[in-house]
Amino acid sequence: FDQLLDRIADNLNKPTPNPRALANLLWSLAKLGVKVDAERIVVPVMKVIVKQISDFKSQEISNAVWAISTMMIAEPAWARWPCTQEVYEAVASCGATRLTEFCDQEVANVSWAFVRAIVTGVQYGEKTHKFFQLLGHEVIRRQGRFMPQQLSMTCWSFTKCRILDEKLQSDVFLSVVQVMTPSALTHSKPQEMASVAWALAKTQGNIATPAVPGSKWPKVHISFQRCARDIAQECIRRDFAKFKGQDFSNICWSLTALDVLPFDFAEAAAVGCRRMLASFRAYELSSVCQAFSPWADKSAKVNQFMKDAITRITTRFLEAASPQTASNFAYALARSDQTNKEAFRVAIRSATQKMHALKPTELAVVAWAGSRLARILNAPTDEKLLHTFFQTLVGTCFVVIEELEGRPLSVVLWAARFGVNGRNLLRHCEDRIVELLNKRSFNDFETIELIAAYNYQFPDGRVA
């Protein structure tokens with residue numbers, strides 16, 4: 001194989017390289033997943049693509065950029081090379097005028113390749129932005145022609161990198177959900193359903209709320225929920241044990257985010273997934289536990305799944321977990337009726353260690369969960385653990401308090417009242433809370449939480 005690559009490298013110096021051969025070479029290397037001398041093989045091919053892009057057919061362009069983006073996952077340093085940037089700019093310029101030549105699979109491949117490259121670190125400019133707007137309109141124009149796998153790639157691409165404006169984004173996904181019918185879902189793989197569901201949940205969060213004039217949010221929201229319910233019903237008809245952990249956790253997270261995770265789905269999945277529990281990674285298990293926690297006290301099957309899942313929560317299991325995973329676990333434990341106090345201690349300890357890296361919403365989740373679990377952990381040795389947790393919570397709040405408002409702020413302050421320095425934090429936040437109250441940033445429930453927090457530290461009620 002090395003000898004073959006040496007001959008290929010020598011032939012790349014010829015004055016008239018064949019575009020099809022170069023595209024096939026890149027595609028083959030990406031499929032094989034082998035490490036090659038990029039300076040001798042990949043860089044010369046990139047330079048040819050930039051110079052002779054007009055000589056490449058649509059399939060050759062699609063295969064080439066797909067291959068480069070795929071290999072770049074293992075070689076992220078390529079993203080900083082000038083020739084890499086030039087390749088994507090050349091494809092964007094050429095593709096903008098030749099997009100109708102691309103078949104449906106090529107459109108999906110190119111959109112995935114560009115976003116994968118951007119996620120890896122390739123900088124994009126005006127040419128790429130314009131090209132993506134045209135890609136969005138092309139997806140809408142081809143409504144009904146894409147296969148499930150092509151739709152899942154396209155959905156992932158437009159969601160992962162928010163290049164499209166809101167109106168075009170909502171139009172693209174409305175065109176997608178209209179063809180993701182129950183009959184179409186029967187031909188979809190679990191990974192494809194997971195990608196579409198994840199994209200719908202993420203996109204809904206990025207589209208303006210009904211308060212924004214001209215927003216399509218109500219129509220989009222209803223369409224997304226309908227599609228998500230269809231995905232849930234299709235999943236119930238299948239064997240959950242054959243789902244990969246990541247696909248299943250993405251579906252659970254998406255259905256929860258879209259507020260359509262049905263009881264029958266939770267029961268069927270709890271039974272099916274107990275057989276594959278050992279294969280779950282930490283973040284996958286945390287997403288599933290968080291999704292199932294509302295049903296834990298309503299179903300013996302879900303409750304048993306939660307119990308089995310919680311027994312897997314150990315210090316080692318959470319050490320390598322992300323801050324979001326730690327917060328999800330803490331939330332799931334607090335919502336369930338489990339009595340595994342050792343798991344509670346592990347979750348509290350992990351959340352304390354990762355507190356500084358939590359996003360504002362994750363901080364609010366951990367604060368709420370810690371307050372709930374504090375009522376259960378009553379052993380003498382738990383006092384120091386909880387003291388450290390609330391002390392860290394209050395210290396973190398001092399740093400990020402300006403980023404909090406609404407529900408996250410009221411929850412955090414309600415929980416921080418237990419902290420040693422909670423009184424000072426509440427004093428520190430007075431001006432900001434008054435400002436937000438005047439803006440009507442809190443609903444009634446959040447306002448009551450604030451009053452409860454201040455009354456706890458200032459019993460005379462005057463401050464509240």
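1. Which helices do the buried residues of H5 pack against? They pack against helix H3 (42-51), helix H4 (58-74), helix H6 (104-120) and helix H7 (126-141). Note that this is a predicted model.

2. Now the overall picture. The protein has 25 helices and zero strands. Its C-alpha trace spans about 85 × 50 × 45 Å along the principal axes. Of the 464 residues, 54% are buried. Among contacts with a separation of 6 or more, 77% join residues 24 or more positions apart.

3. Surface and charge come next. The accessible surface is about 21800 Å². Carbon and sulfur atoms hold 51% of that surface. There are 55 positive and 45 negative side chains. The centres of these two sets lie 3 Å apart.

4. Back to H5, which covers residues 82-98. This helix has 17 residues. From first C-alpha to last it reaches 24 Å, close to the 24 Å expected at 1.5 Å a residue. Its buried residues include Cys83, Tyr88, Cys94, Gly95 and Arg98.

5. H4 is one of the helices that the buried residues of H5 pack against. H4 has 17 residues and reaches 26 Å from its first C-alpha to its last, close to the 24 Å expected at 1.5 Å a residue. The helix is mostly covered, with 13 of its 17 residues buried.

6. Aromatic rings deserve a look. The count comes to 17 aromatic pairs. Tyr88 lies in helix H5 and Phe114 in helix H6, so the pair ties together parts that are 26 residues apart in sequence. Tyr88 is buried, with a relative accessible area of 3%. Phe114 also counts as buried, at 2% relative accessibility.

7. Phe248 and Phe292 form another edge-to-face pair, with 6.3 Å centre to centre and 75° between the planes. This pair links distant parts of the chain: Phe248 sits in helix H13 (residues 245-257) and Phe292 in helix H15 (residues 282-292), 44 residues apart. Both Phe248 and Phe292 are buried. They belong to a cluster linked by ring pairs, together with Phe240, Phe243, Phe265, Phe280 and Phe305.

8. Is Glu449 buried or exposed? Glu449 counts as buried because its relative accessibility is 8%, under the 20% cut-off. The residue is found in helix H25 (residues 444-457). Leaving aside neighbours within four places in sequence, Glu449 is in contact with Arg407, Ser410, Val411 and Trp414.

How values were computed
Residues are numbered from 1 along each chain as its sequence is written. This is a predicted model: local features need pLDDT of at least 70, side-chain atom pairs count only at pLDDT 80 or more; totals for chains, interfaces and linings use all residues. Side-chain values use heavy atoms; hydrogens and water are left out. Helices (H or I, at least four residues) and strands (E, at least two) are DSSP runs, numbered from the N terminus. Buried means under 20% relative accessible area, exposed over 50%, partly exposed in between (1.4 Å probe, protein chains only). Contact means heavy atoms within 4.5 Å. The expected span of a helix is 1.5 Å times one less than its number of residues. Accessible areas come from the Shrake-Rupley method with a 1.4 Å probe; for residues, only the protein chains shown count as cover. Lys and Arg count as positive and Asp and Glu as negative; His and the chain ends are not counted. The place of a charge is taken as NZ of Lys, CZ of Arg, CG of Asp or CD of Glu. Rings of Phe, Tyr and Trp (its six-membered ring) pair if their centres lie within 6.5 Å; planes under 30 degrees apart count as stacked, over 60 as edge-to-face and the rest as tilted.
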